[in-house]
Amino acid sequence: MTETFYARMPTPDEAEQFELPAGEPVMVLQRRTYTEDGRVVEFARGVHAASRFSWTYTFKIPD
């Protein structure tokens with residue numbers, strides 16, 4: 001799985017839909033999940049108001 005996060009300014013439609021104040025960016029999360037041989041089996045994209053965005057990961061590290 002590969003995830004990419006980045007910030008950008010919202011489109012006019014996003015600013016209206018999210019009721020964003022002027023100048024507030026959005027965070028974009030894109031995820032691709034692959035099979036062992038490299039075929040994409042999932043693609044997801046989320047757009048979030050930056051002031052209301054939080055992301056937490058927990059990974060178990062093998063011994």
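Predicted model: local features only at pLDDT ≥ 70, side-chain atom pairs only at ≥ 80, totals over all residues.
**Exercise 1.** Determine how the rings of Phe5 and Trp55 are arranged, and what parts the pair ties together.

*Solution.* Start with the total: there are five aromatic pairs. For Phe5 and Trp55, the ring centres are 5.9 Å apart and the planes meet at 65°. Pairing requires centres within 6.5 Å, and edge-to-face requires planes over 60 degrees apart. So this pair is edge-to-face. Now locate the partners. Phe5 sits in strand β1, Trp55 in the segment after β3, so the pair links parts 50 residues apart in sequence.

Next, take Phe53 and Trp55. Their ring centres lie 6.3 Å apart with planes at 5°, so these rings are stacked. Finally, Phe5, Phe53, Trp55 and Tyr57 make up one aromatic cluster.

**Exercise 2.** Find the nonpolar surface patch that includes Phe5 and Trp55.

*Solution.* Check accessibility against the patch cut-off of over 30%. Trp55 has 38% and is partly exposed. Phe5 has 34%. The patch consists of Phe5, Trp55, Tyr57, Phe59 and Ile61, and covers about 570 Å².

**Exercise 3.** Describe the surroundings of Phe43.

*Solution.* Phe43 belongs to strand β3, residues 40-49. At 39% relative accessibility, Phe43 is partly exposed. Beyond neighbours within four places in sequence, Phe43 contacts Arg31 and Arg32. Thr33 is ten residues from Phe43 in sequence, with a C-alpha to C-alpha distance of 6.7 Å.

Conventions
Residues numbered from 1 in each chain as written. Heavy atoms only, no water. Helix = DSSP H or I, 4+ residues; strand = E, 2+ residues; numbered from the N terminus. Buried < 20%, exposed > 50% of the residue type's maximum accessible area, 1.4 Å probe, protein only. Contact = heavy atoms within 4.5 Å. Patch = residues over 30% accessible without salt bridge, like charges linked within 9 Å, V, L, I, M, F, W, Y side chains within 5 Å. Areas by Shrake-Rupley, 256 points an atom, 1.4 Å probe, with all protein chains shown as cover. Salt bridge = Lys/Arg side-chain N within 4 Å of Asp/Glu carboxyl O. Phe/Tyr/Trp six-rings, centres within 6.5 Å; stacked < 30°, edge-to-face > 60°.
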